[in-house]
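Please find below a colleague's note on the structure shown here. It is set out as numbered points.

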Amino acid sequence: MNLLENERRLPLTTFIAASALLGACSGNAQVDDATSSTAGSGGSGTTTTTTSGGQGAGCPSAHFLDVTKFDGAGSNYPAPELTVTCETDEVIVTSNGIPHYAFVATTPNDLGAQNHEFRFPLTPNYTDLTTEIALLGSVAVAVNGLPIYGPNEGAMPDPFGDPIYNDIMDDCKGHTGPNGDYHYHAALVQCLTQDGQDSQPSPIVGYSFDGFPIYGPYECADADCTSVIELKSSWDKTGDPTTYAWDNHACTKDSCANPSGEYLDQCNGHVGPTGDYHYHATLPKNEATYTGFPYLLGCYHGVATTNGGAAAGAGPAGGGPAGGGGMNPPDCAPGQTMMCCGDGNCNGPETAQNCPADCA
Ligand SMILES: [Zn+2]
Ligand SMILES: [Zn+2]
């Protein structure tokens, strides 16, 4: 399991090209099998299975893609594989980490097959106390079986910067880490499902490791669906998130604690018009104070399953708007002047708990 993201930025010319392609996702996603919808695909083929014990009681397998119906990442890569199994109280998703659409490199790392196994509760439990998501590694899984990370990169080269803001994503807001591990930092409905019209309520695009579903950005405004609205993050951009994405966004609106209307809570979730808690994938935007950050999850509002090492380290939130911990910074080594305890700066993963020398 990949713990660290050390993706290097590409040359400027590549950045410009990548930027020009942003927003053109549907043209590149090769989601061309119009006969298959996400609903009801659970029994079709071998990619999605349920055990007899788990069927019926809300097993979400039908919300996952039948990836065998798609062209895959390209002729140089294995075909995508995905299984979804439900046990008594847990959903188990395994995949080989290969996208169901054409791979376009936006980092120096080629795409490589993985042995992903993600587990999350079959029945999520809402908790009043929020929990930080992992600073690095998987925090949720998309409906094509690929991992969803939080809204920051690793320590190099732009420490914990916002990869969406830094334009190092492909048209589907995914890219590869140093182990060839393709992952998302935001999610676009048209890349992950075949139902992507802005005028329609969005389908589920993934599941958080606390078990709550993540929907796309559009939803009925009320139980009668008199209109469809775009849900928005309550976080504001407060600085330059080229580095330290969490420190340069803040959730201070009233809606951070009490979501209302189009504005989600600090975890990017709310209780929707049908009375259930869930998250939304908010659309990335390049506005003065609004970026769509955290794009998927700002924290957990349920009890998350720890998946391997990648999601370990989540602790109780409550550190205020800068959240996003989950990694203990090292003591400063000779010459190290950033992201370590003893540098005199309280940044990134450093908190009063894990780095009192700098943050107390
Ligand atoms: Zn990344
Ligand atoms: Zn909603």
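The points that follow begin with the overall fold and then turn to individual residues.

1. The model is predicted. Its protein chain contains 4 helices and 17 strands. Of its 360 residues, 51% count as buried. Among contacts in the chain with a separation of 6 or more, 64% involve residues 24 or more positions apart.

2. Asn268 belongs to the loop between strands S14 and S15. Although Asn268 is not a glycine, its phi is positive, at about 75 degrees. Asn268 counts as buried because 30 other C-beta atoms lie within 10 Å, the cut-off for that class being 20 or more.

3. Asp254 is placed in the loop between strand S14 (249–250) and strand S15 (269–271). Asp254 has 10 C-beta neighbours inside 10 Å and therefore counts as exposed; the limit for this class is 12 or fewer. The C-alpha atoms of Asp254 and Ser234 are 8.5 Å apart, with a sequence separation of 20 residues.

4. Tyr244 sits in the loop between strand S13 (236–237) and strand S14. Its phi is near 50 degrees, again a positive value in a residue other than glycine. Tyr244 has 23 C-beta neighbours inside 10 Å, so it counts as buried.

5. The peptide bond from Phe293 to Pro294 is cis, and its omega is near 10 degrees. Pro294 is found in the loop between strand S16 (277–280) and strand S17 (300–302).

Terms used. Residues are numbered from 1 along each chain as its sequence is written. Chains are lettered from A and ligands numbered from 1 in the order in which they are written. This is a predicted model: local features need pLDDT of at least 70, side-chain atom pairs count only at pLDDT 80 or more; totals for chains, interfaces and linings use all residues. Helices (H or I, at least four residues) and strands (E, at least two) are DSSP runs, numbered from the N terminus. Two residues are in contact if their C-beta atoms, placed from the backbone, lie within 7 Å.
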